[in-house]
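Subject: Structure handover

Hello,

Here is the structure I promised to pass on. Please open it first, then read my notes below.

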Amino acid sequence: MSIRNVIAAVFFSIVAIFLIFSALMIHPFGPDDNQEKFEMDEYIIQNSQEETGADNAVTGVVFDYRGFDTLGEATVLFTAVAGVMLIFRRLKK
Amino acid sequence: MSGMSKIVKTMTSVAFPLAMIYGLYIIAHGHLTPGGGFQGGAVVASACAMILVSFGSVWTVRKIKEKNLSVLESLGAIGFIGLGFFGLIFGSHFFKNILVGSKNIPIFNEIGQGMSNINTAGFIPLMNFAVGLKVIAGLFAIVLVMAYATRLKEGK
Amino acid sequence: MRLLIMKLILGGFLMVFETISSFLETLSTGSGLWNPLVWGVIAIIAFFIAYILRGFGRKDFKSEKEKAKVFLSGNPELKKEDMHLKSSNVYWGFLESLKWVYNVLEKMHTGNVSDYILWFVVIMGILFIIIGVI
Amino acid sequence: MNISDIVFHSPALIVAIPLLGAFLTPLVAKINDKLRNIFAILIALITSVLVAILANDVFSNGIRTYVFGGGEPLVNNSYAIRILFEVDGMNAFMAIIASILTVVAIIYSWTFLKNHTGQDKYYTLILLMIAGMFGMILTGDMFNFFVFLEITSIASCALIAFYTNKGKAIDAGFKYIVISSIGALFILFAIGILYSQYNALNMAVLANSISFSFLDKIALALLISGLAMKAGIVPMHMWLPDAYGRAPSSVTLLLVGATQASLYGIFRITLSIFGKAFNTTGTVLKSATLTGDELIMVSSYPNVISIGWILIILAILTMIIGVLMALKQSNLKRLIAFAALAEIGYMLLGIGVRFASKYSEIVKMNNQEYIQIGFHGYDISALTGSIFHIINDALDIGLLFLVAGAIYIATKETSLNKLGGLARNMKYTTVFFIIGLIAVSGLPPMNGFASKLIIYESTFQLNPIIGIIAILASILLLAVFVKVLHSAFLGPKIPNLKDVKEVPKSMLFAMGIIACIIIIFGLFPNIVIDNIIQPAVNAITNHEAYIRGVFNGI
Amino acid sequence: MLFNFPYIAVVLLILIGLATVIYKRNLIKIVIGITLIESGVNLFLITLAYRKDSIAPIFHGFTASKDNVPFMSLPVPHALTLTSIVIGVAVLALMLTFIIHLYRHYNTLDARKIGREEE
């Protein structure tokens with residue numbers, strides 16, 4: 001049991017206590033709509049079929065409302081492929 | 001790694017088209033059913049990975065180079081961002097879904113009536129195809145490069 | 001009458017001072033000001049003065065004489081390549097006197113990913129206490 | 001497509017054009033290598049021109065928002081369903097820094113990476129990293145910020161390990177990806193907490209509806225710690241010397257920009273999203289019957305002064321440890337990396353002084369007790385110095401890293417013990433290094449002095465000891481680089497470095513750009529502060545304006 | 001209070017991953033810890049989407065008017081989870097690539113023995 005593990009245990013327990021408290025403070029799992037107000041998601045559920053024409057509201061969000069996030073996501077995959085190919089490249093010409 | 005036994009290869013070659021068709025179905029119906037470009041692309045890429053495992057990385061690399069895969073992937077990405085620029089040039093904003101509701105373009109323009117047609121939702125099926133192409137090429141390129149780099153050399 | 005003259009002189013001084021200060025107000029830092037151009041002018045003047053003082057030196061100084069030779073307390077003079085001071089020997093005394101600090105720092109920098117994440121957890125806990133409780 | 005359309009679309013194009021260039025690079029590289037390099041430089045120049053247009057418009061006309069997918073920014077003027085880019089003075093200022101670093105890095109890497117393989121992927125990743133930096137800087141959406149943070153970190157960790165034949169480079173890349181992914185995951189956890197409370201992801205909407213519950217404070221702590229680790233603040237700095245020291249110099253130049261984008265995240269989150277607590281001033285009636293808003297304003301704010309002091313302590317640790325470690329190094333790029341760490345401390349010191357200078361006292365006006373919340377006079381000057389030092393640090397440290405790369409190209413040596421007498425063969429490089437030395441150690445008349453002077457004075461007014469420590473760290477920085485100047489450039493010629501050539505023209509050109517900007521900033525700091533820094537300070541300290549940029553009629 | 005057990009599961013996943021990263025020296029185990037943290041965060045996001053007795057946010061056929069829209073769970077957290085899953089895949093691929101190269105260079109996966117050589 002070195003000094004490092006003692007410090008790790010102390011601060012890890014502090015972080016654990018705070019995170020569990022915060023988990024207990026989030027609104028209860030599965031709230032009714034009279035309990036919590038979800039304006040943004042309600043708007044999307046109401047209007048996504050008319051505005052995007054997609055029956056799948058998640059696809060409507062992914063490709064229309066938050067399409068730029070999807071572009072970034074595709075870019076992340078592209079970046080990972082380029083990085084893997086850069087690292088596994090041949091060093092001789 | 002020079003491939004597995006003949007039984008495995010035969011079963012792979014039987015199961016590969018089914019997995020491929022399933023993934024393409026998920027990509028094509030991304031805006032109607034659960035799924036989309038990423039999920040279907042992952043299915044097809046796992047089918048390609050099955051080919052890779054059973055036939056061996058050396059054989060697969062001889063069949064298809066990873067350079068071509070990266071070109072394919074960049075084509076998919078260009079298609080995806082190109083649709084965004086399409087919305088910027090012909091529409092008003094970047095990523096504007098200008099095909100929805102515009103009756104003058106024959107395909108991909110109806111709203112969701114007619115009980116969930118394949119050609120609804122404007123840009124979304126096209127974006128699904130682009131992303132699907134990109135994910136297939138990207139994931140298969142990653143798996144292929146890793147497998148080829150960690151292959152067992154002769155004499156080891 | 002004399003008072004009026006004094007007022008005029010004072011006002012003139014104030015005007016001159018205000019114009020100078022308004023020119024100097026290049027970068028006002030809340031409690032002071034800084035003008036690089038004025039600084040440059042002063043630096044050039046200082047160099048010029050140093051050059052003039054250099055002119056007062058003795059003209060009849062011959063550097064070939066014995067007193068211009070290097071004297072290393074009788075030892076022979078080193079070659080030029082050997083006289084270059086290696087970088088790890090610069091500030092040797094400073095590093096030697098602060099050895100205890102550097103031992104702590106070297107102990108801190110274990111090139112180990114887990115320790116990096118441990119420091120992150122430590123800071124996160126401290127910030128939880130500072131922000132969440134206090 | 002006339003100029004007004006370009007100005008209107010520029011926030012999207014600044015991110016989209018480097019992405020398009022990155023996607024096109026594998027196809028262009030199939031044709032010709034020289035064409036590929038020209039293509040990358042062209043993309044960087046177009047992006048910089050767009051940044052200049054956007055910055056000019058923002059500095060003159062105020063906040064500009066761009067909605068991806070069209071439509072109004074907000075639905076029913078209460079919630080945002082689409083991704084917004086909201087560009088105010090601070091965003092434009094950071095974008096200017098990023099564009100300068102971009103152009104210089106790509107011009108520099110033309111001959112820096114000659115006869116290396118894998119240059120196609122290198123240029124692709126450089127363009128992706130640039131796009132990620134611009135996205136982090138310009139975005140107005142929390143989740144979008146996270147996505148671009150991940151793009152930047154993945155691209156940069158792949159580029160850090162460019163020299164794959166060296167084991168330590170791979171090790172540095174692995175450490176960087178572990179650090180950045182864990183930091184980004186905790187940032188995403190905080191974003192989820194905020195979403196669970198307010199059902200919003202837009203920064204301005206969050207800033208409008210933030211209510212400082214316990215969960216908000218937890219989210220604030222998570223965001224600050226994650227971004228501080230990405231920004232390399234002591235004691236979470238240990239990835240930084242590895243990453244900066246092992247990467248190619250052109251990549252290190254962009255890593256400085258990525259680090260400062262994370263630092264910008266700290267600025268934006270504390271001063272804009274949680275801005276109600278961090279820069280609200282005013283007087284509140286102190287009585288038992290407080291309305292809800294005033295009650296929040298008085299009672300449930302996080303303790304800004306203690307946060308400011310913890311930031312000040314971290315900044316002092318950063319400065320001192322960075323300088324002391326830099327004094328010991330014998331590897332040139334590691335030494336400059338620790339010096340960059342010390343420079344980061346100065347920026348953090350400014351914002352910490354601003355937080356710590358907040359006070360709340362009880363005043364009696366016409367026989368009623370009021371609680372007065374305000375800042376002491378020197379907070380704005382501290383923030384000005386801190387924000388001015390961001391661009392100065394980017395330029396100075398960038399120039400020094402480019403000089404280190406030039407030395408490596410000329411001599412294939414990284415250890416200072418094997419160097420010496422380079423000034424006889426590499427005259428221009430020596431001149432650039434001396435300019436960088438004067439600038440980074442805060443000597444007049446270069447730009448480092450102007451910003452450090454403001455930081456010294458504001459810090460001295462808060463607490464004289466902190467100001468003295470800052471000045472001492474700056475003096476030690478001068479000692480560090482004088483050591484480098486002595487052991488690398490001065491002295492007699494080393495026998496095995498007899499036939500060292502000056503580096504090629506393009507690298508000298510890239511270094512010359514930064515040197516000219518440093519001298520101009522040093523000679524005319526007032527013009528820079530009045531035209532670039534002051535709008536950024538006014539934008540970052542005014543969270544109501546940031547909210548009003550999206551909401552109309554509030 | 002009792003209905004918060006999914007969030008407690010999320011926090012426990014994150015803490016287990018963090019403990020794995022802190023206390024383990026094997027690079028593969030560090031990567032496993034990072035993926036555990038990531039699974040916890042994804043579970044958190046997808047937990048936020050659920051509302052009591054709500055269906056998946058997919059329309060079966062066309063809904064003529066806004067009043068007969070079924071009671072659906074929130075679509076935005078689904079989208080965020082999808083994005084974060086793909087990002088996690090990319091990060092994982094890159095980390096495994098680094099580990100393969102490190103094992104080639106040093107013939108070990110112990111974090112204490114990697115990158116210690118003098119150049």
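Which residues does C:Ser87 touch, not counting residues up to four places away in sequence? They are D:Ser330, D:Leu416, D:Asn417, D:Lys483 and D:Ser487. Keep in mind that this is a predicted model.

C:Ser87 sits in a loop of chain C, between helix H2 (36-55) and helix H3 (92-97). Its relative accessibility is 1%. That is under 20%, so C:Ser87 counts as buried.

**Chains C and D**

Nine pairs of chains touch, and the pair with the most contacts is C and D. Chain D brings 66 residues to this contact. Chain C brings 43 residues.

The size of an interface is often given as the accessible area lost when the parts come together. For chain D and chain C the buried area is about 4800 Å². Carbon and sulfur atoms give 79% of that area.

How many salt bridges cross the interface of chain D and chain C? The rule finds zero. Polar contact does occur between chain D and chain C, in four residue pairs, both residues at pLDDT 80 or more.

Several helices of chain D each supply at least two residues to the side that touches chain C. Among them are helix H6 (167-198), helix H8 (214-231), helix H9 (239-246) and helix H13 (304-328). Helix H18 (464-489) is also on the list. H8(D) gives the most, with 10 residues. By type, the side of chain D that touches chain C has 44 nonpolar residues, 14 polar and eight charged.

Chains B and C are another matter. No contact joins chain B and chain C. Their closest C-alpha atoms lie 24 Å apart.

**Chain E**

Chain E has three helices and zero strands. Along the sequence the pattern reads α-α-α. Why is chain E called more spread out than a compact globule? Its radius of gyration is 21 Å, while the globule rule gives 14 Å for 119 residues, so chain E is well over that value. The C-alpha trace of chain E spans about 70 × 35 × 15 Å along its principal axes.

Of the 119 residues in chain E, 56% count as buried. Take the contacts in chain E with a separation of 6 or more: residues 24 or more positions apart account for 49% of them.

One residue to look at is E:Thr81, in helix H3 (residues 75-106) of chain E. Is E:Thr81 buried or exposed? It is buried, with a relative accessible area of 7%. The side chain of E:Thr81 reaches the backbone oxygen of E:Pro77 at 2.5 Å. Leaving out residues up to four places away in sequence, E:Thr81 touches E:Asn42, E:Leu45 and E:Ile46.

**Salt bridges**

Side chains of opposite charge can pair when their charged atoms come close. Over all chains, the count by the salt-bridge rule comes to 17.

Start with A:Glu42 and E:Arg51. Their side chains meet in a salt bridge at 2.7 Å, N to O. A:Glu42 lies in helix H2 (residues 39-52) of chain A, and E:Arg51 in the loop between helix H2 (27-48) and H3 of chain E, so the pair joins two chains. A:Glu42 is partly exposed, with a relative accessible area of 25%. E:Arg51 counts as buried, at 1% relative accessibility.

Next, go to chain D. The side chains of D:Asp242 and D:Lys175 meet in a salt bridge at 3.5 Å, N to O. This pair links distant parts of the chain, with D:Asp242 in helix H9 and D:Lys175 in helix H6, 67 residues apart. Both partners are buried: D:Asp242 at 11% relative accessibility, and D:Lys175 with a relative accessible area of 5%.

Then go back to chain E. The side chains of E:Asp110 and E:Lys113 meet in a salt bridge at 3.0 Å, N to O. E:Asp110 is buried, with a relative accessible area of 14%. E:Lys113, however, is exposed, with a relative accessible area of 53%.

Finally, there is a network to trace. Salt bridges that share partners join D:Asp171, D:Lys175, D:Asp242 and D:Arg334 into one network.

Best wishes

Key: Residues are numbered from 1 along each chain as its sequence is written. Chains are lettered from A and ligands numbered from 1 in the order in which they are written. Side-chain values use heavy atoms; hydrogens and water are left out. Contact means heavy atoms within 4.5 Å. Buried area is the accessible area (1.4 Å probe) that two parts lose on being put together, summed over both. A salt bridge is a side-chain nitrogen of Lys or Arg within 4 Å of a carboxyl oxygen of Asp or Glu. A polar contact is a pair of N or O atoms within 3.5 Å; within protein, one must be able to donate a hydrogen and the other to accept it, and residues adjacent in sequence count only if both atoms are side-chain atoms. Helices (H or I, at least four residues) and strands (E, at least two) are DSSP runs, numbered from the N terminus. Ala, Val, Leu, Ile, Met, Phe, Trp, Tyr, Cys and Pro count as nonpolar, Asp, Glu, Lys and Arg as charged, and the others, Gly among them, as polar. The radius of gyration is taken over C-alpha atoms; the globule rule is 2.2 Å times the number of residues to the power 0.38. Buried means under 20% relative accessible area, exposed over 50%, partly exposed in between (1.4 Å probe, protein chains only).
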